[in-house]
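Please look it over before turning to the questions.

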Amino acid sequence: MDVLSAEGRSAAGFPVERPRRLRRGASLRAMVRETSLEARQLVLPLFAIGGTGREEPIASLPGHSRLSPDLIVRTAEQAAATGVRALLLFGIADEKDPEGSGAWRDDGIVPETVRALRSALPELVIITDVCLCGYTDHGHCGVISDGEIDNDASLDALARVAVSHARAGADMVAPSDMMDGRVGAIRAALDEDGLQDTAIMSYAVKYASAFYGPFREAAGSAPGFGDRRGYQMDPANAREADREVELDLGEGADIVMVKPAMAYLDVIARARGRADVPVAAYHVSGEYAMLKAAAERGWLDEREATLESLTAIRRAGADLIITYAAVDAARWLAEEHL
Ligand code: PBG
């Protein structure tokens, strides 16, 4: 009866062992629950456009719109009231050019929005996406020379973008371009500008995923030619993810991110095992859109399916989750405690 298994547990088995004993009743289940999901772990992505009072609903991301800075501030206030106190900001340029030069202007859309948020909500955690794809007319994440993405030329541009965001008051910059060496280049540029306290959340492990479809509609950033497989990772690879994490940690990343989330839970777990910094997971636009579309048809219970998805991402090892469902989830979680 009391034979011990290799793990030191009783190998008695049924009928002595009955795991259901700890599932009898909500309080008991809550007591032994291994994973928590809390509003403070969620980051809300928002899309900034120029102007005032501008709100352009994004059809493929129900509940989300491209917003001018004043409306971003209002949305951030509403999110903060639910407990979501961190934002990931994307800028969408009205005018795009081959270099993406709108991306690093000190009076550009992201710096302007950051300044408005910083003065209205001093405690808000402001994270900005650093990339060129929302600003280049070709929609690629780097600078093009001779029809190819020029990795090293892109680093300068990306570092300038990061500095312009940090100068405006961003707490953290999040490079999503997947160029080699960008974390180091951004760290050096920030430090040189006296911005040594600005953190870097690197999209360390970003796959070339079909699940970014709705985002590209939102940002108008679908590549005009080719695809992103030359810089984003092959979905078939996991060992390569370990290497990307190591490289970004070596270059000074303060947080490493895995993206997308649901189809890459194994990769999140690997990153958690290797990194001693917080691990973020990006529950991307297509993952949110799938839940919304099925819920709209009555095929899934939106609340249950969303909370289960986010809990699974946490269970896999994500400390924080970037999700379009952040505010809904925070509201549902608050109701659960009643
Ligand atoms: C830009 C960027 C993308 C996303 C975040 N930053 C799109 C892409 O790489 O094509 C995707 C976010 C989402 O789908 O929610 N480099």
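The questions and answers below concern a predicted model, and they go from helix packing to single residues.

Q: Why are H7 and H8 called oblique to each other?
A: Helix H7 (residues 239-250) and helix H8 (residues 265-274) pack at an angle of about 40°, with their axes 10 Å apart. Angles under 35 degrees count as roughly parallel, 65 to 115 as roughly perpendicular and over 145 as roughly antiparallel, while the rest are oblique; the angle of about 40° falls in that remainder, and H7 and H8 are therefore oblique. The crossing in which H7 passes H8 is right-handed.

Q: Which residues of H7 meet which residues of H8?
A: On the side of H7, the residues are Arg 239, Ala 241, Asp 242, Val 245 and Glu 246, and in H8 they meet Val 267, Arg 270, Ala 271 and Arg 274. Sorted by class, this contact has four nonpolar, no polar and five charged residues.

Q: Why is H9 said to be largely enclosed by the rest of the structure?
A: Nine of the 12 residues of H9 are buried, so the helix is largely enclosed by the rest of the structure; buried here stands for under 20% relative accessible area. The buried residues of H9 are Ser 285, Gly 286, Glu 287, Tyr 288, Ala 289, Leu 291, Lys 292, Ala 294 and Ala 295, and they pack against helix H6 (213-219), E11, H10 and H11.

Q: How do you know that the length of H9 agrees with what its 12 residues should span?
A: At 1.5 Å a residue, the 12 residues of H9 should span 16 Å, and its end C-alpha atoms are 16 Å apart, so the two values agree. Just after H9, Gly 298 takes a positive phi of about 75°.

Q: What span does helix H10 reach, and what span is expected?
A: Helix H10 (residues 302-316) has 15 residues and reaches 21 Å from its first C-alpha to its last, close to the 21 Å expected at 1.5 Å a residue. The buried residues of H10 are Ala 305, Thr 306, Leu 307, Ser 309, Leu 310, Ala 312, Ile 313, Arg 314 and Ala 316. What covers them includes H8, strand E11 (279-283), helix H9 (285-296), strand E12 (320-323) and helix H11 (326-336).

Q: Why is Asp 146 called exposed?
A: Asp 146 has a relative accessible area of 81%, and because exposed means over 50%, Asp 146 is exposed. This residue lies in the loop between strand E6 (144-145) and strand E7 (148-149), and it has a positive phi of about 50° although it is not a glycine.

Q: Is Met 178 buried or exposed, and what makes it count so?
A: The relative accessibility of Met 178 is 4%, and because buried means under 20%, Met 178 counts as buried. Met 178 lies in the loop between strand E8 (172-175) and helix H5 (182-192), and its phi is near 70°, a positive value in a residue other than glycine.

Q: Why does Arg 85 count as partly exposed?
A: Arg 85 has 47% relative accessibility, and because partly exposed lies between the 20% limit for buried and the 50% limit for exposed, Arg 85 counts as partly exposed. Arg 85 lies in the loop between helix H2 (69-82) and strand E4 (86-91). Leaving aside its neighbours within four places in sequence, Arg 85 is in contact with Ala 80, Leu 124 and Val 125.

Q: Where are the cis peptide bonds at Pro 15 and Pro 260?
A: The bond from Phe 14 to Pro 15 is cis, with omega near 10°, and Pro 15 lies in the segment before helix H1 (26-32). Another cis peptide bond joins Lys 259 and Pro 260, with omega about -10°, and Pro 260 lies in the loop between strand E10 (255-259) and H8.

Technical notes. Residues numbered from 1 in each chain as written. Predicted model: local features only at pLDDT ≥ 70, side-chain atom pairs only at ≥ 80, totals over all residues. Heavy atoms only, no water. Axes fitted to C-alpha atoms, helices over the stretch in contact; angles between N-to-C directions. Helix = DSSP H or I, 4+ residues; strand = E, 2+ residues; numbered from the N terminus. Left-handed = near helix turned anticlockwise from the far one by under 90°. Contact = heavy atoms within 4.5 Å. Nonpolar A, V, L, I, M, F, W, Y, C, P; charged D, E, K, R; others polar. Buried < 20%, exposed > 50% of the residue type's maximum accessible area, 1.4 Å probe, protein only. Expected span 1.5 Å × (residues − 1).
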